[in-house]
Amino acid sequence: MTSSSWKEFQSAQPAFADTVQARFGQYKHQVLATLRKDGSPRVTGLEVYVLFGELWLGMMPNSRKALDLLRDPRFAVQANPGPDAEMADGDVRVSGRAVEETDPGILARFTEEVKPPEPFHLFRAELQEVVRTTLDSDELVVQVWRPGKPLRTIRRTGDDSAPYES
């Protein structure tokens with residue numbers, strides 16, 4: 001599956017990328033899904049940062065989620081859904097592959113900008129899909145972006161009508 005950097009996503013879909021970034025920025029902690037050694041899912045909290053044209057996942061070294069990503073880089077991260085059921089700004093999810101960052105220069109820039117507790121483990125996200133789900137009156141609206149593809153908007157209602165693209 002094709003992947004891209006945050007910068008490439010932002011270049012391809014600037015308004016959508018800004019909306020997604022703003023949604024991640026509403027809360028400090030997000031929800032990360034990784035795969036355990038036996039293939040079952042693990043869901044944990046973490047902080048997500050958009051810096052230097054990349055989406056970054058930071059965590060404690062040797063944490064279960066870091067070990068999961070070192071073994072199998074597939075992940076999904078969902079923006080914190082918030083304190084109530086309204087989700088006025090929608091639900092945002094990003095999935096892809098996490099690449100361990102070991103470059104001392106990049107780690108130093110990240111440390112200077114974020115000031116994380118040290119030591120820490122840092123992964124750069126290679127995006128494979130970005131999804132935003134919102135409500136528009138009585139319709140569920142799902143926007144889906146994948147590298148090299150146009151942004152799709154799929155709408156569906158609660159009745160028996162088939163979903164349709166708008």
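Me: Which elements each supply at least two residues of the lining of the largest pocket?

Reply: Rolling a probe the size of a water molecule over the atoms shows where empty space is left. Here β2 (41–51), β3 (54–59) and α4 (104–114) each give at least two lining residues to the largest pocket. A pocket is an open set of points on a 1 Å grid over the protein atoms alone where a 1.4 Å probe fits, with protein on both sides within 12 Å along at least five of seven lines; lining residues have an atom within 4 Å of a point. Helices (H or I, at least four residues) and strands (E, at least two) are DSSP runs, numbered from the N terminus. This is a predicted model, where local features need pLDDT of at least 70 and side-chain atom pairs pLDDT 80 or more, while totals for chains, interfaces and linings use all residues. Numbering starts at 1 along each chain as its sequence is written, and side-chain values use heavy atoms, without hydrogens or water.

Me: Which element gives the most to that lining?

Reply: That's β2, with four residues.

Me: How many aromatic pairs are there?

Reply: Phe, Tyr and Trp rings (six-membered for Trp) pair if their centres lie within 6.5 Å; planes under 30 degrees apart are stacked, over 60 edge-to-face, the rest tilted. That gives six pairs here. Y49 and F110 are edge-to-face, 5.5 Å between centres and 85° between planes. Y49 sits in strand β2 and F110 in helix α4, so their pair ties together parts 61 residues apart in sequence.

Me: What about F110 and F120?

Reply: Their centres are 5.7 Å apart and their planes at 40°, so this pair is tilted. W6, F9, F16 and W145 form one aromatic cluster.
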